[in-house]
Protein chains: 2
Amino acid sequence: MLNYSTSEENYIKAIFHLQKQDGTVTTNELAHELKTRAASVTDMMKKLKIKKLLHYQPYQGFRLSNEGNKVALGVIRRHRLWEYFLAEKLKFTWDEVHEVAEDLEHITNKKLIDKLDEFLGFPRVDPHGDPIPDANGKIDSSKKTCLTDLPLHTVATVSNVSDQSSQILELLQHKKISIGTKLEIKKKFDFDNSMELRVARHPAFTISRELAENIFVKYGK
Amino acid sequence: MLNYSTSEENYIKAIFHLQKQDGTVTTNELAHELKTRAASVTDMMKKLKIKKLLHYQPYQGFRLSNEGNKVALGVIRRHRLWEYFLAEKLKFTWDEVHEVAEDLEHITNKKLIDKLDEFLGFPRVDPHGDPIPDANGKIDSSKKTCLTDLPLHTVATVSNVSDQSSQILELLQHKKISIGTKLEIKKKFDFDNSMELRVARHPAFTISRELAENIFVKYGK
DNA sequence: GAGATATTTTAGATTTGTCTAAAAATATTT
DNA sequence: AAATATTTTTAGACAAATCTAAAATATCTC
(Lines give C-alpha, C1' and ligand atoms only; values in the text may rest on other atoms or scores of the structure.)
Protein backbone atom coordinates (compact mmCIF):
# COMPACT_ATOMS: atom_id res chain seq x y z
CA MET A 1 0.00 0.00 0.00
CA LEU A 2 1.46 3.29 -1.15
CA ASN A 3 1.33 6.50 0.81
CA TYR A 4 -1.18 9.20 0.02
CA SER A 5 -1.35 12.87 0.98
CA THR A 6 -3.70 14.17 3.65
CA SER A 7 -5.75 15.79 0.95
CA GLU A 8 -5.98 12.64 -1.14
CA GLU A 9 -7.00 10.65 1.93
CA ASN A 10 -9.73 13.14 2.75
CA TYR A 11 -11.20 12.89 -0.74
CA ILE A 12 -11.06 9.08 -0.66
CA LYS A 13 -12.71 8.93 2.75
CA ALA A 14 -15.47 11.33 1.71
CA ILE A 15 -16.22 9.30 -1.43
CA PHE A 16 -16.36 6.13 0.66
CA HIS A 17 -18.97 7.64 2.97
CA LEU A 18 -21.02 9.16 0.14
CA GLN A 19 -21.04 5.93 -1.90
CA LYS A 20 -22.88 4.18 0.91
CA GLN A 21 -26.10 5.99 0.08
CA ASP A 22 -25.80 6.48 -3.67
CA GLY A 23 -23.87 4.15 -5.92
CA THR A 24 -21.68 6.74 -7.61
CA VAL A 25 -20.75 10.13 -6.25
CA THR A 26 -21.05 13.43 -8.15
CA THR A 27 -18.65 16.34 -8.30
CA ASN A 28 -20.97 18.74 -6.49
CA GLU A 29 -21.84 16.25 -3.74
CA LEU A 30 -18.17 15.81 -2.99
CA ALA A 31 -17.40 19.52 -3.22
CA HIS A 32 -20.16 20.20 -0.72
CA GLU A 33 -19.02 17.43 1.65
CA LEU A 34 -15.43 18.68 1.64
CA LYS A 35 -16.34 22.38 1.69
CA THR A 36 -14.36 22.99 -1.48
CA ARG A 37 -15.15 23.93 -5.10
CA ALA A 38 -16.27 21.71 -7.96
CA ALA A 39 -13.15 22.62 -9.96
CA SER A 40 -10.91 21.39 -7.15
CA VAL A 41 -12.80 18.12 -7.04
CA THR A 42 -12.34 17.57 -10.78
CA ASP A 43 -8.61 18.23 -10.45
CA MET A 44 -8.29 15.67 -7.68
CA MET A 45 -10.45 13.09 -9.44
CA LYS A 46 -8.10 13.17 -12.41
CA LYS A 47 -5.18 12.56 -10.08
CA LEU A 48 -6.86 9.74 -8.19
CA LYS A 49 -7.92 8.10 -11.45
CA ILE A 50 -4.32 8.04 -12.64
CA LYS A 51 -3.39 6.43 -9.32
CA LYS A 52 -6.13 3.84 -9.95
CA LEU A 53 -7.93 4.68 -6.71
CA LEU A 54 -11.25 5.30 -8.44
CA HIS A 55 -13.28 4.81 -11.58
CA TYR A 56 -14.13 8.04 -13.33
CA GLN A 57 -15.30 9.22 -16.75
CA PRO A 58 -15.79 12.98 -17.21
CA TYR A 59 -19.35 14.07 -16.36
CA GLN A 60 -20.24 10.56 -15.16
CA GLY A 61 -19.45 10.70 -11.45
CA PHE A 62 -17.02 8.36 -9.70
CA ARG A 63 -16.74 5.43 -7.34
CA LEU A 64 -13.78 3.90 -5.54
CA SER A 65 -11.77 1.04 -7.01
CA ASN A 66 -10.87 -1.92 -4.79
CA GLU A 67 -7.60 -0.22 -4.00
CA GLY A 68 -9.46 3.02 -3.18
CA ASN A 69 -11.74 1.14 -0.83
CA LYS A 70 -8.75 -0.31 0.98
CA VAL A 71 -7.26 3.15 1.41
CA ALA A 72 -10.58 4.47 2.75
CA LEU A 73 -10.88 1.62 5.25
CA GLY A 74 -7.35 2.35 6.47
CA VAL A 75 -8.20 5.98 7.12
CA ILE A 76 -11.44 5.03 8.84
CA ARG A 77 -9.65 2.46 10.99
CA ARG A 78 -7.16 5.07 12.16
CA HIS A 79 -9.86 7.67 12.72
CA ARG A 80 -12.04 5.41 14.83
CA LEU A 81 -9.22 3.94 16.88
CA TRP A 82 -8.06 7.43 17.79
CA GLU A 83 -11.64 8.43 18.64
CA TYR A 84 -11.83 5.45 20.95
CA PHE A 85 -8.49 6.38 22.52
CA LEU A 86 -9.56 9.98 23.05
CA ALA A 87 -12.86 9.04 24.66
CA GLU A 88 -11.72 6.03 26.66
CA LYS A 89 -8.24 7.03 27.78
CA LEU A 90 -8.14 10.82 27.62
CA LYS A 91 -11.75 11.27 28.76
CA PHE A 92 -12.84 13.47 25.90
CA THR A 93 -16.58 13.70 25.51
CA TRP A 94 -18.28 12.13 22.62
CA ASP A 95 -18.69 15.26 20.53
CA GLU A 96 -15.06 16.38 20.93
CA VAL A 97 -13.31 13.33 19.53
CA HIS A 98 -14.12 13.70 15.85
CA GLU A 99 -12.24 16.93 15.20
CA VAL A 100 -9.00 15.74 16.81
CA ALA A 101 -9.22 12.37 15.08
CA GLU A 102 -9.45 14.21 11.75
CA ASP A 103 -5.79 15.13 12.21
CA LEU A 104 -4.54 11.95 13.89
CA GLU A 105 -6.02 9.71 11.18
CA HIS A 106 -3.44 10.89 8.63
CA ILE A 107 -0.47 9.46 10.47
CA THR A 108 0.03 6.25 8.57
CA ASN A 109 2.45 4.18 10.57
CA LYS A 110 1.20 0.62 10.57
CA LYS A 111 3.00 -0.35 13.74
CA LEU A 112 1.62 2.68 15.58
CA ILE A 113 -1.94 1.81 14.66
CA ASP A 114 -1.68 -1.90 15.31
CA LYS A 115 -0.07 -1.31 18.70
CA LEU A 116 -2.67 1.31 19.53
CA ASP A 117 -5.37 -1.22 18.61
CA GLU A 118 -3.79 -3.77 20.93
CA PHE A 119 -3.37 -1.21 23.73
CA LEU A 120 -7.05 -0.35 23.50
CA GLY A 121 -8.00 -4.04 23.64
CA PHE A 122 -9.12 -4.37 20.00
CA PRO A 123 -12.31 -2.34 20.34
CA ARG A 124 -15.01 -3.20 17.78
CA VAL A 125 -16.89 0.12 17.70
CA ASP A 126 -15.93 3.76 18.19
CA PRO A 127 -17.61 6.11 20.70
CA HIS A 128 -20.42 6.83 18.23
CA GLY A 129 -21.09 3.13 17.76
CA ASP A 130 -19.53 2.94 14.30
CA PRO A 131 -17.57 -0.27 13.62
CA ILE A 132 -13.76 -0.14 13.53
CA PRO A 133 -12.12 -1.99 10.60
CA ASP A 134 -9.53 -4.55 11.73
CA ALA A 135 -5.89 -4.63 10.59
CA ASN A 136 -6.96 -6.34 7.34
CA GLY A 137 -9.62 -3.75 6.59
CA LYS A 138 -12.45 -6.06 7.56
CA ILE A 139 -15.41 -4.20 8.99
CA ASP A 140 -18.50 -5.42 10.82
CA SER A 141 -21.25 -4.31 8.48
CA SER A 142 -24.17 -5.93 10.28
CA LYS A 143 -27.26 -3.98 9.43
CA LYS A 144 -28.54 -1.14 11.48
CA THR A 145 -32.11 0.01 11.57
CA CYS A 146 -33.05 3.63 12.01
CA LEU A 147 -35.21 4.10 15.07
CA THR A 148 -37.88 5.54 12.77
CA ASP A 149 -38.11 2.10 11.11
CA LEU A 150 -38.23 0.02 14.28
CA PRO A 151 -41.66 -1.65 14.70
CA LEU A 152 -43.71 -1.02 17.82
CA HIS A 153 -43.10 -3.11 20.95
CA THR A 154 -39.81 -4.57 19.68
CA VAL A 155 -36.82 -4.47 21.98
CA ALA A 156 -33.68 -3.20 20.26
CA THR A 157 -30.23 -1.96 21.29
CA VAL A 158 -28.90 1.47 20.37
CA SER A 159 -25.88 0.79 18.15
CA ASN A 160 -24.94 4.20 16.91
CA VAL A 161 -25.86 7.83 16.52
CA SER A 162 -25.16 9.53 13.22
CA ASP A 163 -25.11 13.19 14.25
CA GLN A 164 -22.00 14.05 16.25
CA SER A 165 -22.78 17.53 17.55
CA SER A 166 -22.60 18.51 21.19
CA GLN A 167 -26.29 19.45 20.97
CA ILE A 168 -27.39 15.89 20.29
CA LEU A 169 -25.03 14.62 22.98
CA GLU A 170 -26.60 16.95 25.53
CA LEU A 171 -30.08 15.78 24.57
CA LEU A 172 -29.15 12.08 24.66
CA GLN A 173 -27.48 12.43 28.03
CA HIS A 174 -30.58 14.12 29.36
CA LYS A 175 -32.78 11.30 28.03
CA LYS A 176 -30.28 8.73 29.39
CA ILE A 177 -29.74 7.17 25.97
CA SER A 178 -26.27 5.95 24.96
CA ILE A 179 -24.68 3.24 22.81
CA GLY A 180 -25.91 -0.11 24.18
CA THR A 181 -29.12 1.20 25.72
CA LYS A 182 -31.98 -1.28 25.23
CA LEU A 183 -35.31 0.27 24.40
CA GLU A 184 -38.64 -0.26 22.69
CA ILE A 185 -41.18 2.00 21.02
CA LYS A 186 -44.47 2.18 22.92
CA LYS A 187 -46.34 4.55 20.61
CA LYS A 188 -45.82 6.57 17.43
CA PHE A 189 -47.62 9.85 16.75
CA ASP A 190 -48.41 10.45 13.10
CA PHE A 191 -48.97 14.15 13.57
CA ASP A 192 -45.31 15.07 14.09
CA ASN A 193 -43.66 11.62 13.91
CA SER A 194 -42.60 11.90 17.52
CA MET A 195 -42.56 8.64 19.48
CA GLU A 196 -42.82 7.41 23.02
CA LEU A 197 -39.97 5.15 24.15
CA ARG A 198 -39.50 2.81 27.06
CA VAL A 199 -36.18 1.88 28.60
CA ALA A 200 -36.37 -1.07 31.04
CA ARG A 201 -37.25 -0.01 34.60
CA HIS A 202 -37.74 3.65 33.64
CA PRO A 203 -40.89 5.61 32.93
CA ALA A 204 -41.74 6.12 29.23
CA PHE A 205 -40.68 9.38 27.55
CA THR A 206 -41.07 11.12 24.20
CA ILE A 207 -38.51 11.97 21.54
CA SER A 208 -38.85 14.04 18.37
CA ARG A 209 -38.65 12.86 14.78
CA GLU A 210 -35.37 14.78 14.36
CA LEU A 211 -33.77 12.84 17.19
CA ALA A 212 -35.20 9.45 16.13
CA GLU A 213 -33.75 9.91 12.64
CA ASN A 214 -30.24 10.06 14.11
CA ILE A 215 -30.48 6.99 16.32
CA PHE A 216 -29.74 3.54 14.90
CA VAL A 217 -30.47 0.23 16.59
CA LYS A 218 -29.94 -3.48 16.22
CA TYR A 219 -32.74 -5.88 16.97
CA GLY A 220 -32.92 -7.85 20.18
CA LYS A 221 -30.64 -8.45 23.13
CA MET B 1 -0.29 31.59 20.01
CA LEU B 2 -0.88 31.38 16.28
CA ASN B 3 -0.74 28.20 14.25
CA TYR B 4 2.30 27.33 12.18
CA SER B 5 2.81 24.84 9.37
CA THR B 6 4.62 21.55 9.84
CA SER B 7 7.51 22.91 7.84
CA GLU B 8 7.72 26.11 9.88
CA GLU B 9 7.63 24.10 13.10
CA ASN B 10 10.44 21.87 11.90
CA TYR B 11 12.66 24.86 11.11
CA ILE B 12 11.88 26.47 14.48
CA LYS B 13 12.61 23.26 16.35
CA ALA B 14 15.89 22.71 14.52
CA ILE B 15 17.05 26.26 15.26
CA PHE B 16 16.16 25.76 18.92
CA HIS B 17 18.34 22.66 19.14
CA LEU B 18 21.25 24.19 17.19
CA GLN B 19 21.25 27.40 19.25
CA LYS B 20 22.04 25.37 22.35
CA GLN B 21 25.62 24.86 21.26
CA ASP B 22 26.34 28.03 19.29
CA GLY B 23 24.61 31.30 19.99
CA THR B 24 23.37 32.00 16.50
CA VAL B 25 22.71 29.48 13.78
CA THR B 26 23.99 29.69 10.19
CA THR B 27 22.20 28.91 6.95
CA ASN B 28 24.37 25.91 6.12
CA GLU B 29 24.10 24.41 9.60
CA LEU B 30 20.35 24.50 9.39
CA ALA B 31 20.26 23.22 5.81
CA HIS B 32 22.41 20.27 6.88
CA GLU B 33 20.30 19.55 9.97
CA LEU B 34 17.07 19.57 7.97
CA LYS B 35 18.51 17.79 4.93
CA THR B 36 17.50 20.64 2.67
CA ARG B 37 19.29 23.32 0.62
CA ALA B 38 20.67 26.65 1.75
CA ALA B 39 18.34 28.50 -0.63
CA SER B 40 15.31 26.87 1.00
CA VAL B 41 16.57 27.92 4.42
CA THR B 42 16.96 31.55 3.32
CA ASP B 43 13.42 31.53 1.93
CA MET B 44 12.03 30.22 5.20
CA MET B 45 14.10 32.59 7.33
CA LYS B 46 12.58 35.55 5.50
CA LYS B 47 9.13 34.20 6.22
CA LEU B 48 9.82 33.51 9.88
CA LYS B 49 11.35 36.94 10.32
CA ILE B 50 8.18 38.58 9.00
CA LYS B 51 6.22 36.46 11.49
CA LYS B 52 8.58 37.74 14.23
CA LEU B 53 9.66 34.24 15.22
CA LEU B 54 13.36 35.01 14.82
CA HIS B 55 15.98 37.71 14.52
CA TYR B 56 17.75 37.70 11.19
CA GLN B 57 19.87 40.05 9.10
CA PRO B 58 21.11 38.73 5.73
CA TYR B 59 24.50 36.99 6.01
CA GLN B 60 24.43 37.31 9.83
CA GLY B 61 22.78 34.04 10.89
CA PHE B 62 19.67 33.88 13.05
CA ARG B 63 18.34 33.13 16.50
CA LEU B 64 14.84 32.64 17.82
CA SER B 65 12.81 35.49 19.28
CA ASN B 66 10.94 34.96 22.55
CA GLU B 67 7.89 34.01 20.54
CA GLY B 68 10.00 31.60 18.46
CA ASN B 69 11.30 29.97 21.61
CA LYS B 70 7.76 29.46 22.86
CA VAL B 71 6.79 27.80 19.60
CA ALA B 72 9.85 25.52 19.78
CA LEU B 73 9.07 24.50 23.35
CA GLY B 74 5.52 23.68 22.30
CA VAL B 75 6.75 21.37 19.55
CA ILE B 76 9.28 19.76 21.90
CA ARG B 77 6.64 19.26 24.57
CA ARG B 78 4.39 17.47 22.10
CA HIS B 79 7.26 15.42 20.68
CA ARG B 80 8.46 14.18 24.05
CA LEU B 81 5.01 13.46 25.46
CA TRP B 82 4.23 11.31 22.43
CA GLU B 83 7.61 9.55 22.78
CA TYR B 84 6.74 8.78 26.38
CA PHE B 85 3.32 7.50 25.33
CA LEU B 86 4.77 5.28 22.62
CA ALA B 87 7.38 3.76 24.91
CA GLU B 88 5.31 3.48 28.07
CA LYS B 89 1.87 2.59 26.77
CA LEU B 90 2.40 1.08 23.32
CA LYS B 91 5.65 -0.69 24.27
CA PHE B 92 7.75 0.73 21.48
CA THR B 93 11.47 0.39 22.04
CA TRP B 94 13.55 3.39 22.72
CA ASP B 95 14.95 3.80 19.21
CA GLU B 96 11.56 3.50 17.48
CA VAL B 97 9.75 6.35 19.20
CA HIS B 98 11.50 9.32 17.62
CA GLU B 99 10.37 8.78 14.04
CA VAL B 100 6.68 8.38 14.92
CA ALA B 101 6.79 11.36 17.29
CA GLU B 102 8.12 13.48 14.41
CA ASP B 103 4.66 13.23 12.86
CA LEU B 104 2.55 13.33 16.02
CA GLU B 105 4.27 16.47 17.30
CA HIS B 106 2.63 18.63 14.63
CA ILE B 107 -0.90 18.07 15.86
CA THR B 108 -1.45 21.24 17.84
CA ASN B 109 -4.56 20.75 19.86
CA LYS B 110 -3.92 22.11 23.33
CA LYS B 111 -6.58 20.02 25.00
CA LEU B 112 -5.24 16.86 23.36
CA ILE B 113 -1.76 17.49 24.66
CA ASP B 114 -2.74 18.58 28.14
CA LYS B 115 -5.04 15.57 28.54
CA LEU B 116 -2.31 13.28 27.20
CA ASP B 117 0.08 14.78 29.75
CA GLU B 118 -2.41 14.09 32.53
CA PHE B 119 -3.11 10.55 31.26
CA LEU B 120 0.61 9.80 31.33
CA GLY B 121 0.91 11.14 34.89
CA PHE B 122 2.81 14.33 34.03
CA PRO B 123 6.13 12.65 33.14
CA ARG B 124 9.19 14.88 33.56
CA VAL B 125 11.53 13.20 31.05
CA ASP B 126 11.06 11.30 27.77
CA PRO B 127 12.43 7.80 27.11
CA HIS B 128 15.85 9.24 26.19
CA GLY B 129 16.02 11.18 29.46
CA ASP B 130 15.33 14.56 27.88
CA PRO B 131 13.13 16.86 29.97
CA ILE B 132 9.53 17.48 28.88
CA PRO B 133 8.40 21.14 28.96
CA ASP B 134 5.24 21.68 31.03
CA ALA B 135 2.02 23.29 29.74
CA ASN B 136 3.57 26.74 30.27
CA GLY B 137 6.72 25.88 28.33
CA LYS B 138 8.79 25.59 31.47
CA ILE B 139 11.58 23.05 31.10
CA ASP B 140 13.92 21.46 33.64
CA SER B 141 17.30 22.63 32.42
CA SER B 142 19.41 21.29 35.27
CA LYS B 143 22.89 20.68 33.98
CA LYS B 144 24.07 17.42 32.65
CA THR B 145 27.63 16.24 32.58
CA CYS B 146 29.01 14.12 29.80
CA LEU B 147 30.38 10.86 31.11
CA THR B 148 33.75 11.80 29.61
CA ASP B 149 33.85 14.75 32.08
CA LEU B 150 32.84 12.83 35.19
CA PRO B 151 35.73 12.63 37.70
CA LEU B 152 37.00 9.24 38.88
CA HIS B 153 35.30 7.52 41.81
CA THR B 154 32.26 9.80 41.77
CA VAL B 155 28.82 8.20 41.82
CA ALA B 156 26.45 9.67 39.25
CA THR B 157 23.10 8.77 37.68
CA VAL B 158 22.59 8.32 33.95
CA SER B 159 20.16 11.06 32.92
CA ASN B 160 20.09 10.81 29.18
CA VAL B 161 21.64 9.44 26.04
CA SER B 162 22.09 11.72 23.06
CA ASP B 163 22.37 9.22 20.22
CA GLN B 164 19.02 7.57 19.48
CA SER B 165 19.97 4.78 17.11
CA SER B 166 19.04 1.15 17.62
CA GLN B 167 22.76 0.33 17.61
CA ILE B 168 23.43 2.33 20.78
CA LEU B 169 20.30 0.88 22.38
CA GLU B 170 21.54 -2.65 21.70
CA LEU B 171 24.91 -1.85 23.24
CA LEU B 172 23.43 -0.17 26.31
CA GLN B 173 21.04 -3.03 26.89
CA HIS B 174 23.94 -5.44 26.72
CA LYS B 175 25.92 -3.41 29.23
CA LYS B 176 22.78 -3.06 31.40
CA ILE B 177 22.87 0.73 31.32
CA SER B 178 19.63 2.71 31.14
CA ILE B 179 18.25 6.05 32.26
CA GLY B 180 18.53 6.11 36.07
CA THR B 181 21.44 3.67 36.35
CA LYS B 182 23.89 4.72 39.08
CA LEU B 183 27.53 4.24 38.21
CA GLU B 184 31.05 5.44 38.84
CA ILE B 185 34.25 5.52 36.83
CA LYS B 186 36.95 3.24 38.24
CA LYS B 187 39.70 3.93 35.72
CA LYS B 188 40.33 5.95 32.54
CA PHE B 189 42.74 4.81 29.84
CA ASP B 190 44.51 7.63 28.09
CA PHE B 191 45.52 5.49 25.14
CA ASP B 192 42.03 5.24 23.59
CA ASN B 193 39.96 7.18 26.14
CA SER B 194 38.07 4.05 27.05
CA MET B 195 37.00 3.74 30.67
CA GLU B 196 36.17 1.10 33.24
CA LEU B 197 32.81 1.55 34.94
CA ARG B 198 31.27 0.07 38.03
CA VAL B 199 27.53 -0.33 38.65
CA ALA B 200 26.68 -1.24 42.27
CA ARG B 201 26.80 -4.97 42.95
CA HIS B 202 28.08 -5.80 39.46
CA PRO B 203 31.56 -6.54 38.22
CA ALA B 204 33.40 -3.65 36.55
CA PHE B 205 33.30 -3.42 32.74
CA THR B 206 34.80 -1.28 29.99
CA ILE B 207 33.13 1.13 27.54
CA SER B 208 34.58 2.97 24.55
CA ARG B 209 35.14 6.70 24.13
CA GLU B 210 32.39 6.74 21.44
CA LEU B 211 29.85 5.36 23.87
CA ALA B 212 30.96 7.56 26.79
CA GLU B 213 30.51 10.67 24.66
CA ASN B 214 26.82 9.88 24.22
CA ILE B 215 26.00 9.23 27.87
CA PHE B 216 25.10 12.11 30.18
CA VAL B 217 24.84 11.95 33.95
CA LYS B 218 23.81 13.99 36.94
CA TYR B 219 25.94 13.93 40.07
CA GLY B 220 25.01 11.94 43.10
CA LYS B 221 22.01 9.99 44.27
C1' DG C 1 -36.92 18.18 -29.07
C1' DA C 2 -35.38 23.00 -28.36
C1' DG C 3 -34.33 26.35 -25.17
C1' DA C 4 -33.30 27.26 -20.36
C1' DT C 5 -30.98 25.75 -16.35
C1' DA C 6 -27.73 23.23 -13.79
C1' DT C 7 -23.51 20.66 -13.50
C1' DT C 8 -18.91 19.69 -14.69
C1' DT C 9 -14.65 20.64 -16.81
C1' DT C 10 -10.96 23.60 -18.60
C1' DA C 11 -7.93 27.51 -18.49
C1' DG C 12 -5.26 30.29 -16.01
C1' DA C 13 -3.83 32.29 -11.46
C1' DT C 14 -2.26 31.87 -6.51
C1' DT C 15 0.13 30.02 -2.31
C1' DT C 16 3.47 27.11 0.03
C1' DG C 17 7.58 24.87 0.04
C1' DT C 18 10.97 23.19 -2.51
C1' DC C 19 14.83 23.11 -6.08
C1' DT C 20 19.11 24.58 -9.34
C1' DA C 21 22.16 27.84 -11.06
C1' DA C 22 24.08 32.22 -10.87
C1' DA C 23 25.22 36.41 -8.40
C1' DA C 24 26.56 38.77 -4.24
C1' DA C 25 28.70 39.00 0.14
C1' DT C 26 31.94 37.34 3.41
C1' DA C 27 36.16 34.73 4.87
C1' DT C 28 40.58 32.81 4.10
C1' DT C 29 45.09 32.48 2.15
C1' DT C 30 49.22 33.70 0.50
C1' DA D 1 45.54 43.55 0.32
C1' DA D 2 44.58 40.88 -3.78
C1' DA D 3 43.22 36.51 -5.18
C1' DT D 4 40.77 32.59 -4.04
C1' DA D 5 37.40 29.93 -1.68
C1' DT D 6 33.25 29.56 0.89
C1' DT D 7 28.80 30.93 2.29
C1' DT D 8 24.57 33.10 1.52
C1' DT D 9 21.19 35.22 -1.22
C1' DT D 10 18.57 36.07 -5.46
C1' DA D 11 16.28 34.76 -9.63
C1' DG D 12 13.55 31.75 -11.81
C1' DA D 13 11.32 27.16 -12.11
C1' DC D 14 8.33 23.38 -10.39
C1' DA D 15 4.75 20.43 -7.93
C1' DA D 16 0.68 20.20 -4.97
C1' DA D 17 -3.58 21.96 -3.83
C1' DT D 18 -6.49 25.37 -4.19
C1' DC D 19 -9.34 29.23 -6.43
C1' DT D 20 -12.34 32.20 -10.12
C1' DA D 21 -14.30 32.73 -14.49
C1' DA D 22 -15.49 30.89 -18.74
C1' DA D 23 -16.53 27.00 -21.74
C1' DA D 24 -18.44 22.44 -22.43
C1' DT D 25 -21.73 19.03 -21.39
C1' DA D 26 -25.91 17.15 -19.33
C1' DT D 27 -30.57 17.59 -17.66
C1' DC D 28 -35.00 19.58 -17.19
C1' DT D 29 -39.16 21.82 -18.81
C1' DC D 30 -42.51 23.08 -21.76
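## Ground rules

Because the model is predicted, local features need pLDDT of at least 70 and side-chain atom pairs count only at pLDDT 80 or more, while totals for chains, interfaces and linings use all residues. Residues are numbered from 1 along each chain as its sequence is written, and chains are lettered from A and ligands numbered from 1 in the order in which they are written.

## The nonpolar core

Let's start inside. The largest nonpolar core has 28 residues, and A:Leu86 and B:Leu86 touch the most other members. Such a core is a set of buried Ala, Val, Leu, Ile, Met, Phe, Trp, Tyr and Cys residues joined through C-beta atoms within 7 Å. Two or more residues come from each of H4 (66–88), H5 (97–104) and H6 (110–119), in chain A and in chain B. Here helices are DSSP runs of H or I with at least four residues, strands are runs of E with at least two, and both are numbered from the N terminus.

Beyond its neighbours within four places in sequence, B:Leu86 is in contact with B:Phe92, B:Val97, B:Val100 and B:Ala101. Contact requires C-beta atoms, placed from the backbone, within 7 Å.

## Two crossing helices

In chain A, the axes of H1 (residues 6–21) and H4 come within 9 Å and cross at roughly 100°. H1(A) is therefore roughly perpendicular to H4(A), a label for angles of 65 to 115 degrees. Axes are lines fitted to C-alpha atoms over the stretch in contact, with angles from 0 to 180 degrees between N-to-C directions.

A:Glu9, A:Ile12, A:Lys13 and A:Phe16 of H1(A) take part, and among their partners on H4(A) are A:Val71 and A:Val75.

## Where the chains meet

Chain A gives 13 residues to the contact and chain B gives 12. On the chain A side, H6(A) has the largest share, with 4 residues.

## Around DNA strand C

DNA strand C is surrounded by 19 residues, the closest being A:Thr26, A:Asn28, A:Ala39, B:Ser5 and B:Ala39; a residue is near if its C-beta atom, placed from the backbone, lies within 6 Å. H3(B) gives the most to this surface, 5 residues.

## A loop residue

B:Asp192 sits in the loop between strands S5 (182–188) and S6 (195–199) of chain B. B:Asp192 is exposed because 9 other C-beta atoms lie within 10 Å; the cut-off for exposed is 12 or fewer, and for buried 20 or more, with partly exposed in between.

Definitions and conventions
Two residues are in contact if their C-beta atoms, placed from the backbone, lie within 7 Å. Angles under 35 degrees count as roughly parallel, over 145 as roughly antiparallel, 65 to 115 as roughly perpendicular and the rest as oblique.
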